[in-house]
Amino acid sequence: MKFKLLLSIAAFAALSGCDDTEIKEVTKEVVVEKPVTIIEKVEVPVIVEVPKGSANDVQLGTRVQFLVNQLEQSALKSKLQACQNGPFYKTDFSIGHRGAPMQYPEHTKESYVAAAKMGAGILECDVTFTKDKELVCRHSQCDLHTTTNILAIPELAAKCSQPFTPADEASATLASAQCCTSDITLAEFKQLKGKMDGANPNAKTVEEYLQGTANWRTDLYSSQGTLLTHKESIALFKSLNVKMTPELKSANVPMPYEGMTQAMYAQKMIDEYKALDVAPDKVFAQSFNLDDVKYWINNDAQFGAQAVYLDDRYDIAGFNPNNSETWQPTMAELKNDGVQIIAPPLWMLVTLDNNSNIIPSEYAKAAKEAGLDIITWTLERSGPLANGGGWYYQSISDVINSDADALVLLDVLAKQVGVIGVFSDWPATTSFYASCMGMAPSI
């Protein structure tokens with residue numbers, strides 16, 4: 001850079017001790033070199049330490065590779081192949097649906113531990129109550145005959161609402177039974193062992209009836225499923241360092257039940273988290289009953305802030321996820337009521353375009369436009385997908401013909417629909433996808 005400097009010769013002379021020199025003022029242009037600082041924008045990798053609980057390292061097994069290898073060649077396949085060796089970590093995108101019930105008895109300690117090992121950042125306890133009003137983890141108040149060994153214990157089987165009735169070919173009568181948690185006390189409930197959900201409708205004996213596991217599942221791990229109370233599930237989840245999503249199940253007995261109203265039931269569930277010192281941001285309370293969700297929002301704001309409305313409006317006659325006129329209440333009304341998270345089944349969030357590509361449904365777009373977060377259910381619950389995938393894939397069944405299509409759907413749900421979590425019967429798949437795509441670890 002160039003500067004014009006005025007040099008004082010007189011001052012120079014004075015400093016040099018020469019006082020008889022002719023003094024002149026001279027203006028000269030002098031070039032001064034000045035260093036220039038250059039600022040560059042440099043990308044610095046951020047290393048996030050993935051927290052570990054007692055579940056320790058994520059273990060995904062080989063099923064994910066099996067699915068990836070079935071994918072047709074695509075950018076998605078290349079991406080997933082590139083990260084088959086990890087690293088894999090726990091993420092809230094991966095939600096253990098009743099644990100890991102593809103192979104482990106649902107709502108058992110063994111199923112929950114398996115799901116946590118597979119990287120599920122959130123685990124689910126479906127909450128119902130016993131005869132003495134104690135909260136326990138069961139998908140339905142009346143599913144003990146298909147999910148436990150209650151019928152094999154004569155003194156407890158005698159207390160079932162409907163005893164075992166064998167199949168009768170002559171009258172075309174199928175085998176049946178109904179055993180409810182409300183039929184027995186907590187002490188009696190704790191005598192049971194969990195088994196894979198299922199029953200043989202052609203059974204002539206109890207032993208045959210209990211052998212109803214779907215052929216694409218397994219009984220290898222169902223010899224001693226440990227049933228849990230709701231409180232025990234909370235303690236286990238804390239030890240596994242995972243978040244919790246309890247679902248308040250509808251009662252199969254008239255409410256109020258022995259003085260316990262629906263509101264008291266909803267509050268009792270939340271109170272057990274408080275009693276065990278669980279922070280509200282670790283809990284995603286769920287219900288298909290919108291009134292339960294509104295109760296938590298209006299009466300326990302901290303826990304209500306991330307309460308989940310399980311959307312079963314598909315049961316309403318004429319419902320169409322691509323026609324907003326068939327949805328009641330509207331997305332805006334749900335938001336105005338304080339609902340922050342909505343959870344529909346997989347098929348409600350997607351449809352097919354004219355080129356048979358899977359794209360977001362109008363339902364999905366409207367939920368996002370209303371400011372609602374979305375969780376969905378349930379991946380890998382349908383068995384083999386060779387023939388359209390069944391109920392969970394009904395809106396896109398025309399393009400479902402391989403087990404690997406679960407990954408294609410998952411990719412659309414994550415990137416185009418923008419879901420924040422996916423319930424899965426085998427959380428290794430959702431954990432793998434989330435880790436591969438660099439989603440945030442569970443903290």
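Modeller: One term to begin with: a helix here is a DSSP run of H or I with at least four residues, numbered from the N terminus. Keep in mind that this is a predicted model.

Biologist: What makes the contact of aspartate 411 and lysine 415 a salt bridge?

Modeller: The cut-off is 4 Å between a side-chain nitrogen of Lys or Arg and a carboxyl oxygen of Asp or Glu. Aspartate 411 and lysine 415 meet at 3.2 Å, N to O. That is within 4 Å, so the label holds.

Biologist: Why are aspartate 411 and lysine 415 said to be about one helical turn apart?

Modeller: Both sit in helix H15, residues 405-417. They are four residues apart there, so about one helical turn separates them.

Biologist: Is aspartate 411 buried or exposed, and how do you know?

Modeller: Its relative accessible area is 14%. Buried means under 20%, so aspartate 411 is buried.

Biologist: And lysine 415, buried or exposed?

Modeller: Lysine 415 has 54%. Exposed means over 50%, so lysine 415 is exposed.

Biologist: Why are aspartate 337 and lysine 294 called partly exposed?

Modeller: Aspartate 337 has a relative accessible area of 31%. Lysine 294 has 25%.

Biologist: What do the side chains of aspartate 337 and lysine 294 form?

Modeller: A salt bridge, at 3.4 Å from N to O. Aspartate 337 lies in the loop between helix H13 (331-336) and strand S13 (341-343), and lysine 294 in helix H11 (residues 290-299), so the pair ties together parts 43 residues apart in sequence.

Biologist: How do you know that aspartate 311 and arginine 313 form a salt bridge?

Modeller: Their closest N and O atoms are 2.8 Å apart. The limit is 4 Å, so they qualify. Aspartate 311 and arginine 313 are both buried.

Biologist: How many salt bridges does the whole structure hold?

Modeller: The search finds 14. Arg217, Arg381 and Asp425 are linked in a network of them.

Biologist: Which residues line the largest cavity?

Modeller: Arg217 is one of them, along with Pro101, Tyr104, Pro105, Glu106, Met196 and Asp197. The volume is about 40 Å³.

Biologist: What makes four of the lining residues of the largest cavity nonpolar?

Modeller: Pro, Tyr and Met count as nonpolar, and Asp, Glu and Arg as charged. The lining therefore has four nonpolar, no polar and three charged residues.

Definitions and conventions:
Residues numbered from 1 in each chain as written. Predicted model: local features only at pLDDT ≥ 70, side-chain atom pairs only at ≥ 80, totals over all residues. Heavy atoms only, no water. 1 Å grid on protein atoms, 1.4 Å probe; cavity = no way out; pocket = protein on both sides within 12 Å on 5 of 7 lines; lining within 4 Å. Points joined across faces, edges and corners; volume = space filled by probe spheres on them. Helix = DSSP H or I, 4+ residues; strand = E, 2+ residues; numbered from the N terminus. Buried < 20%, exposed > 50% of the residue type's maximum accessible area, 1.4 Å probe, protein only.
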